[in-house]
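Welcome! Please take a look at the sequence and the 3D structure shown below, and keep them open while you read this short report.

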Amino acid sequence: MNTLWKDIKFKMLHSGSRINLLIGINVFLFLAEYVPAVIENLVFKSNQIHTFTESYLRLPSYLPRLLHHFWTPLTYMFMHAGFFHILFNMLWLYWMGQIFEEYLGTKRTIGVYLLGGLAGGFLFVLFYNIFPLFTQQPGLVEGSSTVGASAAVMAIVIATATLLPDYTIFLMIIGPVKLKWIALFIIILDFLGIAGLNAGGEISHLGGALFGFIYIKQLQRGNDMMGFFANIFKKRSKLKVAAKTNLKNAGNTPRQEDVDRILDKISQTGYESLSKQEKEILFRASKDNEG
């Protein structure tokens, strides 16, 4: 057991991957809620723990309640409504997060996750307070809330698909599929679900997806919104994602404009279109970002 705990601790804190850290936090909080809740239910036939988390940690759509529970736009994106909810969220975060960090390094991961979650929460509250589908149903806005990492995970998923639209992964039964088609399918599914039973969840997914898309488009224009988060974790200089091929500077940090050009080229024609020199520049930039 001691060895298992050491392995988990290493994966979360010392592997260099922020994806592992985020998954660890989500799983820890899930177990911290559900293990005591099951014991409480078995022994006392009570659900006070779940009642507390639903009241104080979920994101409410009702504005007066949100003002009093102002921390919920952050806490909701680390809580889950059941085992399969967290399972599929963490699987998507792991699969797509690995690709995200392979091409953009690790310093942007937490920022995209948090801001994607906040964007999803914002869109959820906005929709529930302006559209008649929700406002004209008595008691719906006052009693609705959302929970889960889905919006934050969607930001990672769509950011990755926007950066690498032709990147191909293998799906069981279906076979090889490009990321752009997976992203399009998910977005259409979420949009159609707005009028369904999980409207709040679908809306928050779209908010996270929108942020992920905008972030990568801005990054490709040389505007990195993750500067604050990158500075939190940097040990050396901030990652400069550029793309001009100048190998005589191979021992130095690649220039920002060089990496930006490479990222733009990946978005347009795919990773395989890069020359050996461009791949080396991107590799060095990623390693510098992880340092």
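Helices (H or I, at least four residues) and strands (E, at least two) are DSSP runs, numbered from the N terminus. Counted in this way, the chain has 15 helices and four strands. Keep in mind that this is a predicted model, in which local features need pLDDT of at least 70 and side-chain atom pairs count only at pLDDT 80 or more, while totals for chains, interfaces and linings use all residues. Residues are numbered from 1 along each chain as its sequence is written, and side-chain values use heavy atoms, with hydrogens and water left out.

## The chain as a whole

Let us begin with burial. A residue is called buried under 20% relative accessible area, exposed over 50%, and partly exposed in between (1.4 Å probe, protein chains only). Of the 291 residues of the chain, 47% are buried. The accessible surface (Shrake-Rupley method, 1.4 Å probe; for residues, only the protein chains shown count as cover) comes to about 15400 Å², and carbon and sulfur atoms own 66% of that area.

Contacts, meaning heavy atoms within 4.5 Å, tell us about the fold too. Among contacts in the chain with a separation of 6 or more, 64% are between residues 24 or more positions apart.

## Two pockets

Now for the open spaces. On a 1 Å grid over the protein atoms alone, a pocket is an open set of points where a 1.4 Å probe fits, with protein on both sides within 12 Å along at least five of seven lines; its lining residues have an atom within 4 Å of a point. Grid points are joined across faces, edges and corners, and the volume is the space filled by probe spheres set on the points. For the classes of residue, Ala, Val, Leu, Ile, Met, Phe, Trp, Tyr, Cys and Pro count as nonpolar, Asp, Glu, Lys and Arg as charged, and the others, Gly among them, as polar.

The largest pocket holds about 1100 Å³ of space. It is lined by 48 residues, and those closest to its centre are N89, W92, S150, D190 and H205. Which element supplies the largest share of this lining? Helix 6 does, with seven residues. Other elements that supply at least two residues each include helix 7 (109-130), helix 10 (150-163) and strand 3 (168-171). By class, the lining has 31 nonpolar, 14 polar and three charged residues.

The second largest pocket has a volume of about 260 Å³. Its lining includes L123, P165, K180 and F213. Helix 10, helix 11 and helix 12 each give two or more residues to this lining, and helix 12 gives the most, with four. Here the residues divide into ten nonpolar, one polar and one charged.

## Aromatic rings

Rings of Phe, Tyr and Trp (its six-membered ring) pair if their centres lie within 6.5 Å; planes under 30 degrees apart count as stacked, over 60 as edge-to-face and the rest as tilted. The structure holds twelve aromatic pairs. In one of them, F211 and Y215 are stacked, at 6.3 Å centre to centre and with 15° between the planes. Both residues lie in helix 12, four residues apart, or about one turn of the helix. F211 is buried because its relative accessible area is 11%, and Y215 is buried too, at 0%. Elsewhere, ring pairs link F83, F84 and F88 into a cluster.

## Residues to find for yourself

| Residue | Phi | Relative accessibility |
|---|---|---|
| K45 | near 55° | 76%, exposed |
| I173 | near 75° | 89%, exposed |

Where do you find K45? K45 lies in the loop between helix 2 (18-44) and helix 3 (48-56). I173 sits in the loop between strand 3 and strand 4 (175-178).

T53 counts as buried because its relative accessibility is 9%. Leaving aside residues up to four places away in sequence, T53 touches E33 and R58. T53 and T75 are 22 residues apart in sequence, and their C-alpha atoms are 9.8 Å apart in space.

Finally, I23 is found in helix 2. Is I23 buried or exposed? With a relative accessible area of 16%, I23 is buried. I23 touches M90, L93 and Y94, again not counting residues up to four places away in sequence. The C-alpha atoms of I23 and I86 are separated by 9.5 Å, though these residues are 63 apart along the chain.
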